[in-house]
Amino acid sequence: FVFEFQLKLLHDINNEKKTVLVCLTTSGNSWNVLNAAQYAKDNGMAVISITSGGKYTALKEYSTVLIDLSECSDVMDTEDMQCKVLHDITRIGTTL
């Protein structure tokens, strides 16, 4: 429950604001990320998942938005693309 604990604290602090969880995982099946995503979904948070797990990822069950990077050739390629997508999300979020 590594990430779930921190997420609970953040949610308690920001309970009057909309919280968005962004999940970065290569497989989409990492237990700590899944626990955090489940907590987020169960507590009304939006979940944006960026993974190369494709349609077989367990994370899709909890995701509001699933960004599928399954076309990436390897882990390093996936992680590079996750960084690029995360930068774009951050850039968009600052203009809202």
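**Thr51**

I started with Thr51, which is buried at a relative accessible area of 1%. Buried here means under 20% relative accessible area, exposed means over 50%, and partly exposed lies in between (1.4 Å probe, protein chains only). Thr51 sits in strand β2. I took helices (H or I, at least four residues) and strands (E, at least two) as DSSP runs, numbered from the N terminus.

I then looked up the side chain of Thr51. It reaches the backbone oxygen of Thr25 at 2.9 Å. The polar contact rule asks for a pair of N or O atoms within 3.5 Å; within protein, one must be able to donate a hydrogen and the other to accept it, and residues adjacent in sequence count only if both atoms are side-chain atoms.

Next I listed the contacts of Thr51, a contact being heavy atoms within 4.5 Å. Leaving aside neighbours within four places in sequence, Thr51 touches Thr25, Thr26, Ser27, Gly28, Thr57, Leu66, Ile67, Asp68, Leu69, Ser70 and Gln82.

**Basis and overall layout**

I noted that this is a predicted model, where local features need pLDDT of at least 70 and side-chain atom pairs count only at pLDDT 80 or more, while totals for chains, interfaces and linings use all residues. Residues are numbered from 1 along each chain as its sequence is written, and side-chain values use heavy atoms, with hydrogens and water left out.

The protein has three helices and three strands. From the N terminus on, I read the order as α-β-α-β-β-α. Of the 96 residues, 36% count as buried. I also checked contacts with a separation of 6 or more: residues 24 or more positions apart account for 58% of them. The accessible surface comes to about 6,200 Å², and carbon and sulfur atoms hold 58% of it. Accessible areas come from the Shrake-Rupley method with a 1.4 Å probe; for residues, only the protein chains shown count as cover.

**The loop between β2 and β3**

I picked two residues here. Gly54 is in the loop between β2 and β3. Is Gly54 buried or exposed? Gly54 is buried, with a relative accessible area of 8%. Beyond four places in sequence, Gly54 is in contact with Asp68 and Ser70. I also took a C-alpha distance: Gly54 and Gly28, 26 residues apart along the chain, are separated by 8.1 Å.

Ser63 lies in that loop too, between β2 (46-51) and β3 (65-68). Ser63 is buried at 16% relative accessible area. A polar atom of the Ser63 side chain lies 2.8 Å from the backbone oxygen of Leu59. Outside four places in sequence, Ser63 contacts Val47 and Ser49. The C-alpha atoms of Ser63 and Ala40, 23 residues apart along the chain, are 9.4 Å apart.

**Core**

I searched for nonpolar cores. Such a core is a set of buried Ala, Val, Leu, Ile, Met, Phe, Trp, Tyr and Cys residues joined through side-chain atoms within 4.5 Å. The largest nonpolar core has 13 residues, and those with the most contacts inside it are Leu7, Leu21, Cys23, Ala37, Ala40 and Leu59. β1 (20-25) and α2 (31-42) each supply at least two residues of this core. α2 gives the most, with six residues. In soluble globular proteins, nonpolar side chains tend to be buried together.

I followed Leu21 further. Not counting residues up to four places away, Leu21 touches Leu7, Ala36, Ala37, Ala40, Ala46, Val47 and Ile48.

**Surface patch**

Val20, Val22 and Leu24 form a nonpolar patch on the surface, with about 210 Å² of accessible area together. Patches are made of residues with over 30% relative accessible area and no salt bridge; like charges are joined within 9 Å, and nonpolar side chains (Val, Leu, Ile, Met, Phe, Trp, Tyr) within 5 Å. Val22 is in strand β1 and is partly exposed at 31%.

**Helix α3**

Thr78 is found in helix α3 (residues 75-94). Thr78 is buried, at 1% relative accessibility. Beyond four places in sequence, Thr78 contacts Thr26, Ser52, Leu69 and Cys72.

How many salt bridges does the whole structure hold? My search finds one. A salt bridge is a side-chain nitrogen of Lys or Arg within 4 Å of a carboxyl oxygen of Asp or Glu. Asp88 pairs with Arg91, the closest N and O atoms being 3.1 Å apart. The two are about one helical turn apart, because they are three residues apart in helix α3. Asp88 is partly exposed at 37%, and Arg91 is exposed at 52%.
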